[in-house]
Amino acid sequence: MITTTLSSTVFTTSASPLKVNRYNSKHNNSASFYSQIPFLYNPLSKAPSISRKSCRVRATVLKENEEKVVVEESFPAKTSPGDGGKGSGGDNEPPESSSSDALEGWAIKFEQSVNIFLTDSVIKILDTLYHDREYPRFFVLETIARVPYFAFMSVLHMYESFGWWRRADYIKVHFAESWNEMHHLLIMEELGGNAWWIDRFLAQHIAIAYYIMTVLMYVISPRMAYHFSECVEGHAFETYDKFIKARGEELKKLPAPEVAVKYYTGGDFYLFDEFQTARTPNSRRPKIENLYDVFLNIRDDEAEHCKTMKACQTRGNLRSPHSYPEDASEDDSQNVLHEADCEGIVDCIKKSVTSPPANQDI
């Protein structure tokens, strides 16, 4: 059902105002999950130039007692450096470009409609099976949530082997995301979420089906796969947010699992910083004193995953937080190597036939 024929060229832009708003309006009681990242990108240019400074996305650092994670609304309309922020639909736009933008908008709307339908269907199943069993539900969620990241890496490694897509930042960030979700899973296991055989069976078999589906979706339309993962992470954020608000006082009286203390307060934070692409390294250092702090940080992790998945929906936007030295200047963008990439399997094969072999460092 996911492998419908989609144009491979629709991966070049982020969701525009034509995007489906039902998912956001449905969950407006919780913090939004979409960060507004002011990238300047001209879809008509063949190789957009994105400077280090403009690619850098800085999120507001949480204050010590702040509990609400504020993630700004979705991407702005597409703009180019010379249009004064008016977007790409100017009066002098060629008819072919206007037609292409309209087609692309409908493709985005279709992709997101499918993703929202799938997400809502899974949520209804989980609500039915785990209405009053929080920890088993969290175990299932975390087993599922880490699947797309190694699915993305599987496809990217294949593309890399063929010389089609060489973007080290994508693989680094997706591995860090998988590493973060793995520790969420370990925490839920320590809390007893996997005690029942049926819960393990259900979670593991859903994960297998989800992996196959994500690989196929990512091959056809990376943007669609990233948006679906954003929807899943958004649901995870809301689930933890509601749990914290409902059981907060009780959680503050319970000790934190040992695996959580080691992960959130350990000495090596490289991978912890790596998956938070909307923050600069060292800007977030959790404090773990009880179980409440653990779930608060898990919730905040899910918000960071949402931001990263949102950034991935615009081709070339994702950069490792460690890719930018603190003293990087605007002029450094001229020295950035343009790495080989593609927009899906069709585009990859086309470029491998029509373009000379790429020989860039990764």
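N282 counts as exposed at 58% relative accessibility; exposed means over 50% relative accessible area, buried under 20%, and partly exposed in between, with a 1.4 Å probe and protein chains only. N282 sits in the loop between α10 and α11. Its phi is near 75°, a positive value in a residue other than glycine. This is a predicted model, in which local features need pLDDT of at least 70 and side-chain atom pairs count only at pLDDT 80 or more, while totals for chains, interfaces and linings use all residues. Residues are numbered from 1 along each chain as its sequence is written, and side-chain values use heavy atoms, with hydrogens and water left out.

**Confidence**

- The protein chain averages a pLDDT of 74; pLDDT is the predictor's confidence in each residue, from 0 to 100.
- A score of at least 70 is reached by 62% of the residues.
- Residues 1–68 stay under 50 in pLDDT. For this stretch the model has 176 contacts beyond four places in sequence, where contact means heavy atoms within 4.5 Å.
- Residues 327–340 also have a pLDDT below 50. Beyond near neighbours in sequence, the stretch has 25 contacts in the model.
- Where pLDDT is low, the predicted coordinates should not be read in detail.

**Overall make-up**

- The protein chain has 12 helices and zero strands. Helices (H or I, at least four residues) and strands (E, at least two) are DSSP runs, numbered from the N terminus.
- Along the sequence, the pattern reads α-α-α-α-α-α-α-α-α-α-α-α.
- Of the 362 residues in the protein chain, 53% are buried.
- Among contacts between residues at least 6 apart in sequence, 84% join residues at least 24 apart.

**Helices α4 and α5**

- Helix α4 covers residues 134–145, and helix α5 covers residues 147–162.
- They pack at an angle of about 10°, with their axes 5 Å apart. Axes are lines fitted to C-alpha atoms, for helices over the stretch in contact, and angles run from 0 to 180 degrees between N-to-C directions.
- α4 and α5 are therefore roughly parallel to each other. Angles under 35 degrees count as roughly parallel, over 145 as roughly antiparallel, 65 to 115 as roughly perpendicular and the rest as oblique.
- T143, I144 and A145 of α4 meet V147, P148 and Y149 of α5.
- The residues of this contact divide into five nonpolar, one polar and no charged. Ala, Val, Leu, Ile, Met, Phe, Trp, Tyr, Cys and Pro count as nonpolar, Asp, Glu, Lys and Arg as charged, and the others, Gly among them, as polar.

**Helices α7 and α8**

- Helix α7 spans residues 197–220, and helix α8 spans residues 222–251.
- Their axes come within 5 Å and cross at roughly 140°. α7 and α8 are therefore oblique to each other.
- On the α7 side, the contact is made by Y210, M213, M217, Y218 and I220. On the α8 side, P222, M224, A225, Y226, F228, S229 and V232 take part.
- The residues of the contact of α7 with α8 comprise 11 nonpolar, one polar and no charged.
- S229 of α8 is buried, with a relative accessible area of 1%.
- Leaving aside neighbours within four places in sequence, S229 is in contact with P148, Y149, F152, Y210 and M309.

**Helix α9**

- In helix α9 (residues 258–265), V259, A260, Y263 and Y264 are buried.
- They cover an arc of only 110° around the axis, which puts them on the same side of α9. The arc is that of the directions from the helix axis to the C-beta atoms.
- An α-helix has 3.6 residues a turn, so residues three or four places apart point the same way.
- E258 and K262 are exposed on the other side of α9.
- The buried residues of α9 pack against α6 (168–190), α10 (270–274) and α11 (291–312).

- D300 lies in helix α11 and is buried, with a relative accessible area of 5%.
- D300 and D241 are 59 residues apart in sequence and 9.1 Å apart in space, C-alpha to C-alpha.
- A278 is found in the loop between α10 and α11. At 4% relative accessibility, A278 counts as buried.
- The C-alpha atoms of A278 and R319 are separated by 9.6 Å, and these residues are 41 apart along the chain.
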